[in-house]
Amino acid sequence: MFAGIDEVDWASMEHAYGPAGDVPAMLRGLASADPAEREQALDGMYGAVHHQGDVYACTLASIPFLFELVVDPGVQDRGSIVELLTSIGGIDLDEDDQDEMDEDEIEGAANYAMAATAVTADAGVFFELIADEDPGVRLNAPLALAALHGHPDRVLALLRERLPIEPDEEVRLALVEAAGRVALRHRMLAGQAAAWLSRLAGEGFPAGLRLAALAQLARCAPDALPGDVVRVVTGLLRQLRSTPGHRPGPAPAVDAQAGATEAVAAVEAYPDAAGAGAGAGEPPAEERVVPVTLVGQLRALSDEEAPAPTAPWTADLLRTLHVGLDDRVAERTALLTDQLRSPDRRQRIDALRMSSGLIRVWRGSYEELVRLVGEQLATPDPRLAEAASHVLEELFGLAAPAADALAARVAADPGAWVREWPSGPPALGSAVKALARLGDARAVPALAAALERSEVPHDAGFAIGCLGAAAAPLAEVLRRRLGEVPLDERAHDRAGPLLTGLAALRADEALPEALRVLRGVPEYRGEWVRTAALRALGSFGPAARGAIPELRALLRSPGATSATEVAKALWAVDGDADAVLPVLIEGLRAERVHEVRSAVNALGGLGARAAVVAPRLRALLWHEELWLRVDAAVALWEVSGRAEESVPVLLAAWEENRHVRVRVTEGLARMGAAGAGSDAAHVLRAELISVRRHNAMDGGYGSHDTYEDEKLLALCRQALLGNTGKEPT
């Protein structure tokens with residue numbers, strides 16, 4: 001083994017962490033008799049040689065030696081090496097990816113292509129490994145074939161041949177998953193694969209196998225799913241949960257061509273095949289040693305979060321099923337409500353995560369689902385309750401069905417009102433934040449306690465803003481704490497949340513304290529603190545007339561403070577357009593786009609008093625910065641009262657960038673530009689009937705995504721109702 005490994009010039013190559021001279025040691029470590037050494041070597045291969053899926057020259061040079069390892073029956077843990085080879089050789093780049101590559105990315109793509117060619121050339125090895133004595137090898141070989149072999153028809157035939165004689169339940173599920181993978185990669189075989197999967201999903205086969213087949217049908221042929229798929233799946237889940245413990249012996253035959261009678265008889269003879277999983281003979285959880293490698297830690301975490309031992313693969317199948325069901329929101333919601341009623345707490349934790357993903361991406365009716373999420377808050381399991389509160393935290397108004405459960409949780413657990421972090425300022429707990437975002441006054445006691453802490457949570461001011469008038473009792477403590485803030489280098493961290501809260505409440509009684517901050521703020525991060533103080537003063541409106549001399553002095557000599565921010569505050573307090581207009585016009589010449597946008601929005605706030613700037617705003621309608629064009633279009637209408645120039649700009653921006661749609665719709669709603677038959681009305685109605693949230697992203701999300709989309713929907717309805725007033729929306 002490893003003939004010629006020392007002849008490779010490893011030192012001339014690099015991996016993710018530098019010279020690749022250590023790769024031979026990693027490869028030899030994979031063949032070690034010591035489990036810890038094998039784990040360490042595998043960790044190194046993923047962490048350096050195949051770092052985050054990258055393929056380097058040393059990765060390519062490793063491929064022949066990895067194949068030597070997987071065919072040697074004396075090597076242990078070969079299934080992990082099969083999995084590694086599948087990852088190295090299984091990266092697909094579509095034409096769109098290749099069109100947008102820079103020089104470095106082109107070099108990486110070439111490595112991916114060479115890796116795919118090298119691994120695919122020897123993929124015939126996996127045909128032999130599908131019958132290997134090692135269950136771990138058999139578990140990974142089907143997916144390797146599905147991803148890498150150049151003759152998918154032969155692969156599909158082999159999967160069907162192997163299933164009836166495969167003794168291991170989890171491997172059989174891998175065979176089914178591989179069939180779905182073949183159908184996805186090779187659409188000409190999708191019908192053939194779907195027909196087989198449909199038979200496996202039928203009555204008479206073990207519950208786990210049926211669930212696996214349904215999950216793959218959802219991925220590759222959703223139209224082939226039974227009409228009552230939710231009823232079928234929930235029934236299978238109940239059957240799996242009630243299955244007796246593992247019973248030794250081979251798994252029953254499940255040949256897709258076999259009759260239902262034989263299959264049922266086999267299930268009755270060997271009930272473990274309907275859901276018994278690996279795990280028999282394992283030491284108790286408290287006796288297991290957590291591996292120190294990254295791979296080992298991930299496996300330990302997966303084991304810890306896995307469902308009940310009777311079906312350790314159920315969670316994966318359900319995730320696959322949900323992905324396949326995609327926009328079938330009603331069915332996914334019904335399935336999740338059943339999962340949230342499961343007696344298995346880990347299945348409920350998994351359902352919470354999937355519920356969050358569903359609501360974040362798709363619009364729908366979620367009242368019952370959210371209520372069940374709220375019920376998890378009462379569980380004695382802290383992980384389950386915390387997961388539920390995190391889901392509700394991101395829902396804002398959609399969390400209303402869980403309001404009572406949130407209030408009960410907050411009242412019962414004062415220790416979770418504020419969360420401390422090893423680094424960074426403290427933050428409000430998820431349940432408190434979720435309750436405040438509902439505007440529920442029952443969050444006020446928790447916020448009051450948070451405001452009395454030596455360090456106020458950084459997000460307390462925003463939570464107060466969500467509560468609105470319900471938070472009025474907090475004005476006095478906000479004012480007192482602001483008066484106690486030392487005006488030193490940490491003034492921003494300490495005063496910022498307090499000023500934000502006072503601004504949200506328009507608590508003009510705090511004028512002396514806000515003025516104290518404005519006058520005495522230090523140079524370090526001073527602009528941020530002054531801006532927060534100016535916004536608080538502006539929110540007080542005419543009640544802050546005592547600040548006018550200070551504001552006028554700052555307007556003449558703003559120093560490091562944004563002159564636009566001073567002008568906006570002075571306008572809100574004094575209403576003197578003549579004093580602020582020259583400053584705002586000067587702001588249109590700022591170098592930074594965000595400063596120009598601030599000036600544009602402030603000029604729009606002056607309305608007809610700023611009509612003189614209409615030509616300058618009109619010129620900005622063609623600016624390269626999209627958000628500035630949108631702001632200029634809205635401001636142009638505000639100062640001129642004419643919408644015909646602004647609406648086309650807003651509609652073009654709508655199509656160009658979905659993330660600007662809330663701002664666009666705010667403008668359209670205020671302009672009354674969505675009359676019957678208009679282009680704007682057509683666009684807004686199309687948005688309202690869309691099932692997918694406008695800002696849903698693949699592979700990422702923001703904590704306010706659901707809130708922003710629900711806000712967009714409300715604005716679309718408002719605009720279509722023909723509101724033509726100029727009041728804020």
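Accessible areas come from the Shrake-Rupley method with a 1.4 Å probe. On that basis, the accessible surface of this protein comes to about 32400 Å², and carbon and sulfur atoms account for 53% of that surface. The model is predicted. The protein has 38 helices and four strands, and buried residues make up 52% of its 729 residues.

**Overall organisation and core**

- Among contacts between residues at least 6 apart in sequence, 68% join residues that are at least 24 apart.
- In soluble globular proteins, nonpolar side chains tend to be buried together.
- The largest nonpolar core in this model has 232 residues. The residues with the most contacts inside this core are Leu-27, Leu-66, Phe-126 and Leu-392.

**Packing of helices H2 and H4**

- Two packed helices are described by the angle between their axes and the distance between the axes.
- Helix H2 spans residues 35-49 and helix H4 spans residues 78-89. The two pack at an angle of about 5°, and their axes are 11 Å apart.
- Angles under 35 degrees count as roughly parallel, and H2 and H4 are therefore roughly parallel to each other.
- On the H2 side, Leu-42, Met-45 and Tyr-46 take part in the contact; they meet Ser-80, Glu-83 and Leu-84 in H4.
- By class, the residues of the contact of H2 with H4 divide into four nonpolar, one polar and one charged.

**Arg-38 in helix H2**

- Arg-38 also lies in helix H2.
- Arg-38 counts as buried because its relative accessibility is 6%, where buried means under 20%.
- Leaving aside neighbours within four places in sequence, Arg-38 is in contact with Gly-29, Leu-30, Ser-32, Ala-33, Gln-76 and Asp-77.
- Arg-38 and Arg-28 are 10 residues apart in sequence, and their C-alpha atoms are 8.8 Å apart in space.

- Helix H27 covers residues 511-520. Its buried residues include Leu-511, Glu-513, Ala-514, Leu-515, Val-517 and Leu-518.
- The cover over the buried residues of H27 includes helix H25 (475-484), helix H26 (491-505), helix H28 (526-540) and helix H29 (548-556).
- At 30% relative accessibility, Arg-516 counts as partly exposed, because partly exposed covers the range between the 20% limit for buried and the 50% limit for exposed.
- Not counting residues up to four places away in sequence, Arg-516 touches Leu-482, Gly-483, Val-485 and Leu-487.
- Arg-516 and Ala-533 are separated by 17 residues in sequence and by 9.3 Å in space, C-alpha to C-alpha.

- Asp-338 has its place in helix H17, which runs over residues 329-340. Asp-338 is buried, with a relative accessible area of 7%.
- Asp-338 touches Thr-234, Leu-237, Arg-238 and Arg-241, residues up to four places away in sequence not being counted.
- Thr-564 is found in helix H30, residues 563-574. Thr-564 counts as buried at 7% relative accessibility.
- With residues up to four places away in sequence again left out, Thr-564 touches Val-583, Leu-584, Gly-587, Ser-598 and Ala-599.

**Positive phi in two loops**

- Most residues other than glycine have a negative phi.
- Asp-326 has a positive phi of about 55° although it is not a glycine. Asp-326 is found in the loop between helix H16 (314-325) and H17.
- With 37% relative accessibility, Asp-326 counts as partly exposed.
- Phe-396 likewise has a positive phi, of about 50°, and is not a glycine. Phe-396 is in the loop between helix H20 (382-393) and helix H21 (403-412).
- Phe-396 is buried, with a relative accessible area of 6%.

Key
Residues are numbered from 1 along each chain as its sequence is written. This is a predicted model: local features need pLDDT of at least 70, side-chain atom pairs count only at pLDDT 80 or more; totals for chains, interfaces and linings use all residues. Side-chain values use heavy atoms; hydrogens and water are left out. Buried means under 20% relative accessible area, exposed over 50%, partly exposed in between (1.4 Å probe, protein chains only). Contact means heavy atoms within 4.5 Å. Axes are lines fitted to C-alpha atoms, for helices over the stretch in contact, and angles run from 0 to 180 degrees between N-to-C directions. Angles under 35 degrees count as roughly parallel, over 145 as roughly antiparallel, 65 to 115 as roughly perpendicular and the rest as oblique. Ala, Val, Leu, Ile, Met, Phe, Trp, Tyr, Cys and Pro count as nonpolar, Asp, Glu, Lys and Arg as charged, and the others, Gly among them, as polar. A nonpolar core is a set of buried Ala, Val, Leu, Ile, Met, Phe, Trp, Tyr and Cys residues joined through side-chain atoms within 4.5 Å.
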